[in-house]
Amino acid sequence: MKTRHLIDLDDLSLDEINQILDLAKVIMAHPPYYLDSCHGKLMATLFYEPSTRTQMSFQSAMLKLGGQVIGFDNPGNSSVSKGESLKDTVRVVSNYADVVVIRHPKEGTAKAAGMFSRAPVINAGDGGHLHPTQTLTDLFTLLNTKGRLDHLAVGFCGDLKNGRTVHSLIKTLIRYPGSRFILISTPELALPDYLKDLVRAAGCDYTECASLYDAIGDVDVLYMTRIQQERFASREEYEKQKGAFVLDTETLKRARYGLKILHPLPRVDEIDYAVDDDPRAVYFEQTEYGMFARMALILHMLDGSKKQLDARPESNTPHRCANPRCITSTESYLPRLFKKTDGGLFCEYCDAAQPAGGGEEGR
Amino acid sequence: MKTRHLIDLDDLSLDEINQILDLAKVIMAHPPYYLDSCHGKLMATLFYEPSTRTQMSFQSAMLKLGGQVIGFDNPGNSSVSKGESLKDTVRVVSNYADVVVIRHPKEGTAKAAGMFSRAPVINAGDGGHLHPTQTLTDLFTLLNTKGRLDHLAVGFCGDLKNGRTVHSLIKTLIRYPGSRFILISTPELALPDYLKDLVRAAGCDYTECASLYDAIGDVDVLYMTRIQQERFASREEYEKQKGAFVLDTETLKRARYGLKILHPLPRVDEIDYAVDDDPRAVYFEQTEYGMFARMALILHMLDGSKKQLDARPESNTPHRCANPRCITSTESYLPRLFKKTDGGLFCEYCDAAQPAGGGEEGR
Amino acid sequence: MKTRHLIDLDDLSLDEINQILDLAKVIMAHPPYYLDSCHGKLMATLFYEPSTRTQMSFQSAMLKLGGQVIGFDNPGNSSVSKGESLKDTVRVVSNYADVVVIRHPKEGTAKAAGMFSRAPVINAGDGGHLHPTQTLTDLFTLLNTKGRLDHLAVGFCGDLKNGRTVHSLIKTLIRYPGSRFILISTPELALPDYLKDLVRAAGCDYTECASLYDAIGDVDVLYMTRIQQERFASREEYEKQKGAFVLDTETLKRARYGLKILHPLPRVDEIDYAVDDDPRAVYFEQTEYGMFARMALILHMLDGSKKQLDARPESNTPHRCANPRCITSTESYLPRLFKKTDGGLFCEYCDAAQPAGGGEEGR
């Protein structure tokens with residue numbers, strides 16, 4: 001059974017993920033065979049916030065498959081986002097396009113878009129929530145540079161509290177056997193507890209460490225991320241701590257021969273430019289792997305897809321999501337959907353936990 | 001005889017309009033046959049004001065014909081509009097492109113552009129003046145959803161005074177036999193008298209009505225438009241009256257079974273979201289019909305077209321157009337052209353009536 | 001031996017320039033033969049400052065060869081330029097693209113980009129420094145309208161001090177035998193001395209003249225350029241002098257029958273609109289020649305090109321370039337490269353002369 005939209009990588013079975021990665025490998029080996037695979041097909045890139053890198057990666061992927069691209073790249077620049085609901089825009093654009101790639105500052109937007117799109121929707125980032133094609137990129141990079149996705153000791157370095165790419169990659173890697181994580185950050189920027197719980201529940205190990213210098217010798221893979229000044233109590237605090245999370249050639253001397261260094265880019269100064277010339281640095285290759293992964297994803301989603309509207313779920317409650325960054329806070333026509341678990345009530349769009357009692361009142 | 005540029009739908013004979021609609025129907029039935037019809041052809045979209053919806057519709061149309069697209073979408077974003085005359089931009093871009101689609105805030109711009117373009121020009125909106133491809137879209141939607149363009153009772157609801165799409169559709173429908181109009185608006189936003197005169201002169205009937213609720217039972221087609229707060233004397237006035245021009249499921253209960261509801265989009269709140277799920281709502285389908293109509297138009301205009309400059313008419317007077325929104329107010333090199341009718345003197349660019357005597361003085 | 005990047009037209013041998021112009025001629029004669037030459041190839045246009053004209057010319061060229069285009073057109077509009085080094089952007093984009101066209105406000109950027117690009121880089125303007133494809137355009141226009149590139153008496157009119165297109169065309173024309181220049185400008189906007197020295201050293205003649213009216217009768221080619229008000233001491237000074245550098249039909253009466261008038265566009269008011277209809281005005285045709293020249297250039301550069309990173313030169317000094325408009329002033333990781341000549345020390349990125357002693361100190 002194939003997923004119609006790609007909102008969250010967790011929606012895909014491991015089998016389906018592996019199928020996409022396998023296809024990416026074949027495409028990368030024989031690009032000319034795929035030059036016209038999407039001839040006559042149209043991709044729409046609806047970017048409600050600018051993200052030129054992600055957009056260019058998707059565009060390149062579609063164009064290299066022989067397809068074409070329409071879309072917009074900036075709300076300020078576009079008349080679409082003014083005075084038109086997400087629903088209307090998606091409904092109209094999915095009349096033109098065969099696949100819709102959406103990026104939006106509000107959490108849960110891609111899921112909402114899927115309800116009104118006649119074409120498959122790919123989530124290219126919904127606020128700080130999900131960014132599944134970055135994780136696909138990371139997986140395909142690991143597969144190509146390490147040769148496997150299981151039994152890897154992966155170090156994550158930087159802001160592990162807010163890094164959505166980190167969370168998503170961890171959630172996916174624990175589905176493969178033998179994953180082990182070394183979490184390198186300050187206590188303030190540590191991985192959230194619910195993720196540590198997930199890691200443990202999957203039977204995986206993790207250790208925490210406050211210095212990249214100490215940890216780098218123990219990892220097969222180092223996943224670097226930005227560490228933003230705004231996250232620190234003060235500029236002094238930032239200046240004092242950031243050194244422990246910067247990769248330079250000195251620190252790199254302690255690393256294994258077979259280490260691979262990944263980074264979702266853009267980097268700021270957490271990796272010294274001198275590291276770029278080390279063969280263990282694969283963050284630039286990573287972007288090319290990302291393009292091939294997106295080519296495979298597009299083909300996978302177009303394969304057998306029909307232009308249709310899905311049946312829309314009915315609201316299962318009159319309550320409103322309490323998260324102000326949720327797409328339901330601005331698009332009032334969306335059915336209100338919550339899932340109840342042992343842990344409480346969660347919004348189906350943004351996954352935010354609802355305050356006890358708060359949800360009962362409605363608004 | 002084929003029209004070289006599409007500035008005003010009135011320039012086309014009924015025969016030529018029907019040819020385009022027939023072609024659109026064939027394309028819609030067999031898209032793959034047309035996948036490469038414009039292979040090697042280039043369309044330029046010169047959008048001097050943002051209109052992402054219209055631009056995406058044209059781009060999709062050209063790309064689905066196998067053609068390619070260049071252009072810009074925003075004056076603030078482009079260096080073209082800075083310090084370069086319309087003439088120079090059009091002259092240069094028509095060296096690259098095989099068809100030029102232009103949108104501009106000044107009235108008469110498309111006509112002016114046609115004088116300096118080597119390629120056919122399509123008007124995608126010149127200020128509040130004309131927007132012929134929206135009318136083509138509306139006609140094609142009627143043809144597909146009602147099965148005919150004649151003997152239709154069409155209700156127009158909203159701001160009928162300023163609605164350029166309404167004016168243009170009425171002017172075209174009176175060319176088909178048996179059209180009847182129900183004009184639903186406030187007295188302040190009523191259809192201009194000159195258009196009522198045209199309707200009568202064509203032997204068509206119209207009635208006026210101040211409430212959608214009262215009128216909806218009598219129409220085969222309901223053409224909804226936005227009703228803008230700025231058009232009312234006060235916010236109170238707006239709040240008091242707007243309810244009479246909003247379509248909701250309650251009002252819809254009084255409508256005929258075979259009613260079709262059109263809207264040029266974007267809608268604001270004049271159609272309730274709950275109406276979207278009614279099969280009589282065809283405003284989303286309308287955008288897809290619009291894409292096919294534009295595909296047919298592009299093919300029609302490229303067919304046999306040659307890259308050439310038309311002979312430019314000489315100024316027939318030293319007078320200047322009195323309309324400050326006319327393109328001639330900013331582009332001084334344009335020949336000054338007026339047509340004299342029994343009704344007075346009219347600018348050939350923006351169609352504005354010239355004040356008696358005023359024109360005699362020149363400036 | 002083929003040049004891998006096109007940074008400066010001086011990098012090309014006369015032989016290579018002539019090859020490109022010959023190819024442009026063949027393409028112009030038989031566009032359909034080249035319709036699919038770049039099928040499956042991708043061009044990236046990285047425009048760090050808007051230049052819609054140049055970008056549309058490159059896009060049209062690539063699309064008419066059957067290739068595809070990605071890129072951005074405005075730093076304000078793009079997330080790429082924010083918080084990412086030129087190196088990282090170019091390195092990533094050249095993973096996607098087969099050829100990279102770059103425009104940037106800083107001098108020397110294209111050369112810097114070439115160091116980190118896996119694909120050939122074409123300079124589409126780096127600050128006020130170089131713009132080689134405009135010169136290629138000018139040469140191809142001369143070849144087509146005059147039938148030759150040698151033994152031409154070329155008048156340059158306007159701001160000859162700051163006009164980068166003027167400098168570049170003069171530097172290239174002195175490589176052809178029998179070139180003669182008539183320099184028409186105010187003393188304040190005269191051609192820089194170092195260029196006059198180059199002209200003399202090449203055995204070519206030049207004369208200077210303060211009035212277009214006096215000079216126009218003596219030239220085979222008139223190369224007009226903008227004369228910007230900001231360059232004058234005062235508005236009065238500008239108003240007084242500008243008339244001597246405006247081409248109108250009156251002045252044109254004194255010109256030769258076979259004169260050809262070029263202009264890099266956009267023009268402001270240095271050429272009267274009435275001149276456009278004179279067959280000697282070829283500045284609009286020039287843009288079409290430019291498109292064919294760029295098609296030939298793209299094909300020439302893609303021919304046999306491999307995706308690779310060039311070996312990067314080591315810094316040959318710890319000094320920094322003294323020119324604040326040089327790309328090295330903002331991108332600190334660039335190797336510091338200077339060339340020593342009899343005339344002193346010059347930056348290899350921006351070609352700026354370094355102050356004596358100043359360079360010795362470093363910073």
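Between chain C and chain B there are five salt bridges, a salt bridge being a side-chain nitrogen of Lys or Arg within 4 Å of a carboxyl oxygen of Asp or Glu. One of them joins the side chains of C:Asp276 and B:Lys87, at 2.6 Å from N to O. The model is predicted, so local features need pLDDT of at least 70 and side-chain atom pairs count only at pLDDT 80 or more, while totals for chains, interfaces and linings use all residues. Residues are numbered from 1 along each chain as its sequence is written, chains are lettered from A and ligands numbered from 1 in the order in which they are written, and side-chain values use heavy atoms, with hydrogens and water left out.

The contact between these two chains also includes eleven residue pairs in polar contact, both residues at pLDDT 80 or more. A polar contact is a pair of N or O atoms within 3.5 Å; within protein, one must be able to donate a hydrogen and the other to accept it, and residues adjacent in sequence count only if both atoms are side-chain atoms. On the side of chain C that touches chain B, the elements giving two or more residues are α2 (52–64) and α11 (283–302) of chain C. Helices (H or I, at least four residues) and strands (E, at least two) are DSSP runs, numbered from the N terminus. The largest share of that side, eight residues, comes from α2(C). By class, the side of chain C that touches chain B has nine nonpolar, ten polar and nine charged residues; Ala, Val, Leu, Ile, Met, Phe, Trp, Tyr, Cys and Pro count as nonpolar, Asp, Glu, Lys and Arg as charged, and the others, Gly among them, as polar.

In total, 28 residues from chain C and 27 residues from chain B take part in the contact, where contact means heavy atoms within 4.5 Å. The buried area is about 2400 Å², with 50% from carbon and sulfur atoms; this is the accessible area (1.4 Å probe) that two parts lose on being put together, summed over both.

Chain C is superposed on chain B by a rotation of 120° with 0.1 Å of shift along its axis (RMSD 0.0 Å), using least squares on the C-alpha atoms of residues with pLDDT of at least 70 in both. That is the relation of a three-fold axis. Only 7% of the interface residues of chain C are also interface residues in chain B, so the copies meet through different surfaces.

Over all chains, the structure holds 55 salt bridges. In one of them, A:Asp220 pairs with A:Arg148 at 3.9 Å, N to O. A:Asp220 lies in the loop between α8 (212–215) and β8 (221–224) of chain A and A:Arg148 in the loop between α5 (132–146) and β5 (153–157) of chain A, so the pair ties together parts that are 72 residues apart in sequence. A:Asp220 is buried at 13% relative accessibility, and A:Arg148 is partly exposed at 29%; buried means under 20% relative accessible area, exposed over 50%, and partly exposed in between (1.4 Å probe, protein chains only).

In chain B, a salt bridge joins B:Arg267 and B:Asp276, with the closest N and O atoms 2.5 Å apart. B:Arg267 is buried at 3% relative accessibility, and B:Asp276 is buried at 11%. Both belong to a network of salt bridges that links A:Lys87, A:Asp88, B:Arg267 and B:Asp276.
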